Amino acid sequence: MSISPLESFRIPVGEGAATRDIAVAQRAGKTPGIFWLGGFRSDMAGSKAMALDALGAEMGLAVTRFDYSGHGISGGDFDLGTISRWLEEAEAVLARTQGPQIIVGSSMGGWLALLLARALLRRGTPAYGMVLIAPAADMTHDLMLPGFTPLEHESLQNKGYIDQPSAYSDTPYRITRALIEDGEQHLLFGGVIETGCPVTILQGGKDEDVPQAHAIKLVTHILHDPVTLTLIPDGDHRLSRDEDLARLKDAVMRLVEG
C-alpha cells in the first residue's frame with residue numbers, strides 16, 4: 001500500500017502585530033481525518049502525535065498536526081500565549097482540513113479540543129469524534145491556581161508571571177497572569193459540556209499533573225453525548241509508553257470504524 005504524502009506549510013493567524021506564523025504538517029488521506037491538539041509546551045513531533053501520523057499513513061487516513069504559537073517550530077512568543085490565542089490557531093488550522101475530523105487532544109489540548117468541538121457544534125458541523133488524553137479542562141482555574149503559593153500569587157500580580165520547575169524540561173515553565181485571566185473566559189465546568197460526538201478519555205492512574213478525579217469530573221459534565229473513560233492504573237501523565245500508544249491508536253480506530 002502506498003503511503004500518502006506529508007505536506008508541511010505555514011499559515012498566518014491573527015492580524016497586524018498579533019499575527020503568528022503557525023507551522024502545520026498535514027497528511028492527505030481518507031476521512032474521518034485525525035486532528036491533533038498537543039499539550040502545554042509540547043509540539044507536533046512528540047511521540048503521541050507521531051504515533052497518530054504513523055497510524056494515518058498505515059490506514060490511509062488524513063492526519064493534521066500543528067504547533068501552537070510559541071511552541072515547536074511555529075513563530076510567536078510563548079509568553080503571549082493564552083487559551084483564546086491557541087484556540088484561534090486551532091480553528092484556523094482546522095479550516096485547512098477536508099471532511100469530518102476526529103479531534104485528539106492531550107492535556108491542555110484536551111481543553112482546547114472540548115472548546116473546538118463546542119464551536120463546531122454551534123455551527124452545525126460537529127466533530128466526528130474525540131479522544132482526550134489526560135484532558136486538562138479548565139486547567140488554569142482548577143489545576144494551576146490552587147497550587148500557587150502565596151509568594152507565587154504575589155509574583156503573578158506584581159510581575160505578571162511566575163516560573164515553575166517542570167519534570168518535562170530543564171528550563172522552568174513560565175505561567176503568565178494573562179494566561180490565567182484569559183482562561184476564566186473559557187471555563188467549562190459551570191454547566192453541561194456539549195460535544196455533539198462520541199468521546200473517549202484515556203487517563204493515567206498515576207498522573208500527578210491531571211489527577212484521575214479531574215477526568216471523572218469531566219465525565220459527569222458530559223451528559224448528552226456517549227463518553228468512555230479508560231483508566232490506566234499504572235499510567236502517568238504522558239501516556240507515551242508503547243502500550244499507551246497502542247491504546248491511543250485503538251481508541252481512534254474504534255471511532256473511525258464506528
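Okay, let's start with helix H3, residues 108-123: H3 lies across S3, S5 and strand S6 (129-133), and runs at about 150° to S5. Helices here are DSSP runs of H or I with at least four residues, strands are E runs of at least two, and both are numbered from the N terminus. Angles run from 0 to 180 degrees between N-to-C directions, with axes fitted to C-alpha atoms, for helices over the stretch in contact.

Quick housekeeping: this is a predicted model, where local features need pLDDT of at least 70, side-chain atom pairs count only at pLDDT 80 or more, and totals for chains, interfaces and linings use all residues. Residues are numbered from 1 along each chain as its sequence is written, and side-chain values use heavy atoms, leaving out hydrogens and water.

Now the sheet. It's open and mixed, with 8 strands ordered S1-S2-S4-S3-S5-S6-S9-S10; strands pair if DSSP finds at least two bridges between them. S1 (6-13) and S10 (227-232) are the edges: each has a single partner, so one side of each has no neighbour in the sheet. S3 (residues 30-37) and S5 (residues 101-106) run parallel, joined by 5 bridges. Trp36, for one, has Val104 in S5 as its bridge partner.

On to the core. Which residues have the most contacts inside the largest one? They're Leu37, Phe40, Phe66, Trp86, Ile103 and Met130, in a core of 52 residues. A nonpolar core means buried Ala, Val, Leu, Ile, Met, Phe, Trp, Tyr and Cys joined through side-chain atoms within 4.5 Å, with buried being under 20% relative accessible area (1.4 Å probe, protein chains only). And back to H3: that helix gives the largest share of this core, 9 residues.

Notes: Contact means heavy atoms within 4.5 Å. Buried means under 20% relative accessible area, exposed over 50%, partly exposed in between (1.4 Å probe, protein chains only).
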